[in-house]
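Dear colleague,

Please find below the structure that I am handing over to you. My findings follow directly after it.

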Amino acid sequence: MGTRKKVHAFVRVRPTDDFAHEMIRYGDDKRSIDIHLKKDIRRGVVNNQQTDWSFKLDGVLHDASQDLVYETVAKDVVSQALDGYNGTIMCYGQTGAGKTYTMMGATENYKHRGILPRAVQQVFRMIEERPTHAITVRVSYLEIYNESLFDLLSTLPYVGPSVTPMTIVENPQGVFIKGLSVHLTSQEEDAFSLLFEGETNRIIASHTMNKNSSRSHCIFTIYIEAHSRTLSEEKYITSKINLVDLAGSERLGKSGAIIALGDQKRDHIPFRQCKLTHALKDSLGGNCNMVLVTNIYGEAAQLEETLSSLRFASRMKLVTTEPAINEKYDAERMVKNLEKELALLKQELAIHDSLTNRTFVTYDPMDEIQIAEINSQVRRYLEGTLDEIDIISLRQIKEVFNQFRVVLSQQEQEVESTLRRKYTLIDRNDFAAISAIQKAGLVDVDGHLVGEPEGQNFGLGVTPFSTKPGKKAKSKKTFKEPLSSLARKEGASSPVNGKDLDYVSTSKTQLVPSSKDGDVKDMLSRDRETSSIEPLPSDSPKEELRPIRPDTPPSKPVAFEEFKNEQGSEINRIFKENKSILNERRKRASETTQHINAIKREIDVTKEALNFQKSLREKQGKYENKGLMIIDEEEFLLILKLKDLKKQYRSEYQDLRDLRAEIQYCQHLVDQCRHRLLMEFDIWYNESFVIPEDMQMALKPGGSIRPGMVPVNRIVSLGEDDQDKFSQLQQRVLPEGPDSISFYNAKVKIEQKHNYLKTMMGLQQAHRK
């Protein structure tokens with residue numbers, strides 16, 4: 001078990017211009033906060049109203065940046081998760097106090113991202129630093145609103161909505177949500193895409209009970225599993241990080257489970273009182289590093305709720321957790337290691353046997369030849385030709401007993417088979433078969449089966465044909481013969497029953513095929529007739545007609561793809577070529593921009609070095625010769641280098657200006673091609689699917705309607721505008737912050753997806769109208 005430790009509680013104050021300096025004061029150690037209220041004079045002279053409170057916390061974050069908040073609050077928790085410790089970070093406070101900003105940040109700006117995106121980034125950065133381990137990362141996103149569970153990632157095409165409602169399930173391994181989708185992420189960008197997908201659903205989703213889910217609890221969980229790349233290592237570690245954005249504290253106040261954790265006198269904690277505490281049961285006071293960030297207002301008008309939030313933070317500091325490394329064993333690797341150990345033990349036994357002159361002993365499983373030899377020994381032992389069987393090993397003893405069982409079973413089957421070849425065996429207890437045989441006349445006048453020995457419990461019917469039982473038996477000879485032949489043909493596995501006897505009795509006159517056989521023959525004949533019909537040749541002459549219009553027009557994305565491949569193929573080809581040239585110019589411009597930035601940084605470094613040399617020369621004194629300043633060689637080389645760098649900078653900058661002019665021109669061409677492609681598709685779609693057939697004649701040459709006169713709404717969104725904005729964003733931002741690439745890539749992809757969905761919904765509504 002791990003070491004018991006307290007929950008870390010921090011307070012973050014929302015910045016405001018109307019800060020209550022007289023009522024809220026911070027300690028010099030930045031770990032305490034004091035609240036002071038003036039007495040209410042309306043209560044009279046005797047007034048026992050409390051006016052001062054002091055709260056000791058792990059840190060007070062006032063006017064703190066997002067970087068400082070993450071370094072103080074979450075960095076250690078995420079770092080320890082890679083070592084196998086569970087972690088939970090919760091943001092709590094009054095509605096509007098900054099919980100979501102602390103947890104998520106402003107997703108539009110990379111620098112203002114919150115704890116959650118930074119935690120995702122740190123996890124993948126640390127994975128890159130651990131090449132000795134194979135680490136997998138999975139994520140899930142849960143929303144709890146009005147005690148109902150919602151999967152914020154259920155909108156993904158490979159997930160789909162769940163038929164059954166999600167439930168919280170407990171097992172010895174912990175608490176998990178049954179029905180919640182968990183997604184494997186192999187890179188940082190995939191995790192950001194899932195995060196932004198869930199955030200979009202949280203903002204725009206409309207539940208049956210909630211039109212705006214901004215006041216719900218949200219839990220983003222990162223599951224980590226790390227296996228050593230050393231195959232002999234059987235242990236592997238698992239952990240999870242719960243990043244919780246709680247609803248407003250006024251909604252959480254009714255739940256006593258969390259507060260009960262801080263009461264050391266309580267034996268029972270009501271985790272199941274609400275879905276939130278039940279889902280976080282193994283994190284609240286369990287095997288987990290837990291951090292609470294309490295967000296408060298700094299204004300006097302919100303002081304009552306601020307006091308309530310600070311009291312909650314103080315109680316949470318009393319909660320103790322017992323984090324421990326989550327170690328598990330890889331069953332596959334354990335099997336392989338046991339196999340290696342078994343092979344080693346066999347080698348040691350072989351050495352021991354060779355030293356004791358027992359070289360004929362083997363410990364491997366017996367092959368077919370060895371088993372056949374033991375079977376032969378057992379048979380000879382039973383026949384009496386072998387006096388004893390030599391004992392060699394325990395494996396051989398077990399196989400001897402097994403072969404005894406095999407031989408006994410074979411002998412029983414041989415005896416039964418011999419009896420069935422000679423006789424038809426009928427059980428005395430099978431009254432239905434006996435009754436059928438009596439009706440068929442296979443019994444004598446005394447009621448016994450023909451050939452039954454006196455005083456025995458079963459009969460062996462029918463007698464050989466050479467016997468002559470008398471006239472009555474002679475009159476039944478024609479019946480017994482087909483019965484005997486039938487019994488012999490069926491052999492030991494087909495005892496005669498009542499149905500067989502009925503069939504034999506009908507065969508005295510004629511053999512009538514069953515109706516089923518007739519049906520089968522009819523079906524076979526029909527199949528032959530059907531298979532003999534040859535299909536019409538594909539090149540048979542047909543009347544040339546224009547394509548039949550479908551009852552319902554195809555969806556516009558499908559029709560647009562068809563148009564680009566057929567009627568609009570030429571303009572689409574030109575559009576793609578221009579777009580390719582544009583992308584190539586943008587790529588060159590991006591590379592040139594990065595080169596310019598690198599030259600600018602080198603110029604700055606050279607200037608600093610040159611200034612340092614100048615200051616050093618001034619301190620040592622100036623040297624002049626005939627009115628000329630004398631400088632040392634190092635300073636001279638720096639001046640020459642600076643001159644070359646400035647020359648390169650001007651040349652590269654001129655190239656960048658030329659590239660930007662080319663990009664502007666290419667963009668103009670691409671816009672023209674896109675407009676032309678959409679316009680021609682607009683005309684083609686309306687003429688093919690929208691305009692009534694009785695008006696089609698008017699569209700022909702010489703008609704009253706010319707192409708393009710039918711109005712159409714916007715057809716599809718090619719998503720080029722978002723791509724253009726992203727490319728421009730790369731040129732401006734990425735040279736300064738290359739770590740933001742995956743963040744912005746995921747953001748743009750999600751925006752493109754939802755813009756496309758909005759466009760399609762608008763098209764469907766327009767089509768219905």
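Cysteine 288 is buried, at a relative accessible area of 1%, where buried means under 20% relative accessible area, exposed over 50% and partly exposed in between, with a 1.4 Å probe and protein chains only. Cysteine 274 is likewise buried, at 11%. A search of the whole structure returns zero disulfides, a disulfide being a pair of cysteine sulfur atoms within 2.5 Å.

Two points on the basis of these values should be noted. The model is predicted, so that local features need pLDDT of at least 70 and side-chain atom pairs count only at pLDDT 80 or more, whereas totals for chains, interfaces and linings use all residues. Residues are numbered from 1 along each chain as its sequence is written, and side-chain values use heavy atoms, with hydrogens and water left out.

Salt bridges

The whole structure contains 22 salt bridges, each defined as a side-chain nitrogen of Lys or Arg within 4 Å of a carboxyl oxygen of Asp or Glu. One of them pairs arginine 4 with glutamate 322, with 3.2 Å between the closest N and O atoms. This pair links distant parts of the chain, 318 residues apart: arginine 4 is in the segment before β1 (5-6), and glutamate 322 is in the loop between β16 (320-321) and β17 (327-329). Helices (H or I, at least four residues) and strands (E, at least two) are DSSP runs, numbered from the N terminus. Arginine 4 is exposed, with a relative accessible area of 51%.

Aspartate 67 and arginine 118 form another salt bridge, their closest N and O atoms being 2.4 Å apart. Because aspartate 67 lies in helix α1 (residues 66-73) and arginine 118 in helix α4 (residues 115-128), the pair ties together parts that are 51 residues apart in sequence. Aspartate 67 is partly exposed at 45% relative accessibility, while arginine 118 is buried at 7%.

In the salt bridge between arginine 333 and aspartate 330, the closest N and O atoms are 3.9 Å apart, and both residues are buried.

Surface patches

A patch of positive charge on the surface brings together Lys607, Lys643, Lys646, Lys647 and Arg650. Patches consist of residues with over 30% relative accessible area and no salt bridge, like charges being joined within 9 Å and nonpolar side chains (Val, Leu, Ile, Met, Phe, Trp, Tyr) within 5 Å. Lys and Arg count as positive and Asp and Glu as negative, without His and the chain ends; the place of a charge is NZ of Lys, CZ of Arg, CG of Asp or CD of Glu. Helix α20 (residues 633-690) supplies the largest share of the positive patch, four residues. Lysine 646 lies in this helix and is partly exposed at 35% relative accessibility.

Ile631, Phe636, Leu637, Ile639 and Leu640 form a nonpolar surface patch with about 400 Å² of accessible area together; accessible areas come from the Shrake-Rupley method with a 1.4 Å probe, and for residues only the protein chains shown count as cover. Leucine 640 is also found in helix α20 and is partly exposed, at 36%.

Backbone

Most residues other than glycine have a negative phi. Asparagine 146, however, has a positive phi of about 50°, and glutamate 147 has one near 65°.

Yours sincerely
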